[in-house]
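Trainee: Please take a close look at the side-chain contacts in this model. Start with the charged pairs, then go on to the rings and the space around them.

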Amino acid sequence: MSDDELVIVRTIRAPVEVVFDCMTSAEHLSHFWGPMGTSTPRDGIVVEPWAGGRFETRIVGDRDGSVHHMRAVFESVDRPTGMTWRETGSGMVCTASFRALDVDRTEMTVTQRHVPEAGRTRDAQQGFLSSLDRFDDHLDRILRGGGR
């Protein structure tokens, strides 16, 4: 692994198809995309889950209203095992891979390559991990009707 590459592996309590569908649906992404303390309005998300399709989000800071746009193009999409997209501004490449561990658990591996220096800070990585916590909470709500 190089200095500009990050890998995160997480076990998710959800079937692999549900994990994939949530990661490729604007309706679902609006509930968890972005770190704690932000929101991603449904009308600010474009997901065209096919090679060459757009993947765009508008993340809004809950406290100060600051806006961060992420614009990317899908390089590959393979339901339900994963996808790769390249951000058009930074050139960062993100691959999300999903592997069924059993019928109710999925191993998700997120590999980010060519991560800009700002994205490699401790705060940035903590923000990314908090987004995964939000993803867990969302899956818990939709699959089990609860929260963590």
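Mentor: A salt bridge here is a side-chain nitrogen of Lys or Arg within 4 Å of a carboxyl oxygen of Asp or Glu. The model is predicted, so local features need pLDDT of at least 70 and side-chain atom pairs count only at pLDDT 80 or more, while totals for chains, interfaces and linings use all residues. Residues are numbered from 1 along each chain as its sequence is written, and side-chain values use heavy atoms, with hydrogens and water left out.

Two more terms come up throughout. Helices (H or I, at least four residues) and strands (E, at least two) are DSSP runs, numbered from the N terminus. Buried is under 20% relative accessible area, exposed is over 50%, and partly exposed lies in between (1.4 Å probe, protein chains only).

Charged pairs. The whole structure holds eleven salt bridges. Glu-56 and Arg-54 form one of them, at 3.9 Å from N to O. Arg-54 is partly exposed, with 37% relative accessibility.

Asp-21 pairs with Arg-79, and their closest N and O atoms are 2.9 Å apart. Asp-21 sits in helix α1 (residues 16-23) and Arg-79 in the loop between β5 and β6, so this bridge ties together parts 58 residues apart in sequence. Both ends are partly exposed: Asp-21 has 32% relative accessibility, and Arg-79 has 46%.

Arg-144 and Asp-140 also meet in a salt bridge, at 2.7 Å from N to O. They are four residues apart in helix α3, about one helical turn. Arg-144 is partly exposed at 40% relative accessible area, whereas Asp-140 is buried at 8%.

Rings. Rings of Phe, Tyr and Trp (its six-membered ring) pair if their centres lie within 6.5 Å; planes under 30 degrees apart are stacked, over 60 edge-to-face, and the rest tilted. The whole structure has seven aromatic pairs. Trp-33 and Trp-85 make a tilted one, 6.3 Å centre to centre with 55° between the planes. The two come from distant parts of the chain, 52 residues apart: Trp-33 is in the loop between α2 (26-29) and β2 (38-39), Trp-85 in strand β6. Trp-33 and Trp-85 are both buried. Trp-85 has another partner. Its ring centre is 5.0 Å from that of Phe-55 and the planes stand at 90°, so this pair is edge-to-face. Phe-55 lies in strand β4, 30 residues from Trp-85. Phe-55 is buried as well. Trp-33, Phe-55, Phe-74 and Trp-85 make up one aromatic cluster.

Space. A pocket is an open set of points on a 1 Å grid over the protein atoms alone, with protein on both sides within 12 Å along at least five of seven lines; lining residues have an atom within 4 Å of a point. The largest pocket holds about 940 Å³. It has 39 lining residues, and the closest to its centre are His-68, Glu-87, Met-92, Gln-112 and Phe-128. Elements that give two or more lining residues include β4 (54-61), β6 (82-87) and α3 (122-144). Helix α3 gives the most, with eight residues.

Methods
1 Å grid on protein atoms, 1.4 Å probe; cavity = no way out; pocket = protein on both sides within 12 Å on 5 of 7 lines; lining within 4 Å. Points joined across faces, edges and corners; volume = space filled by probe spheres on them.
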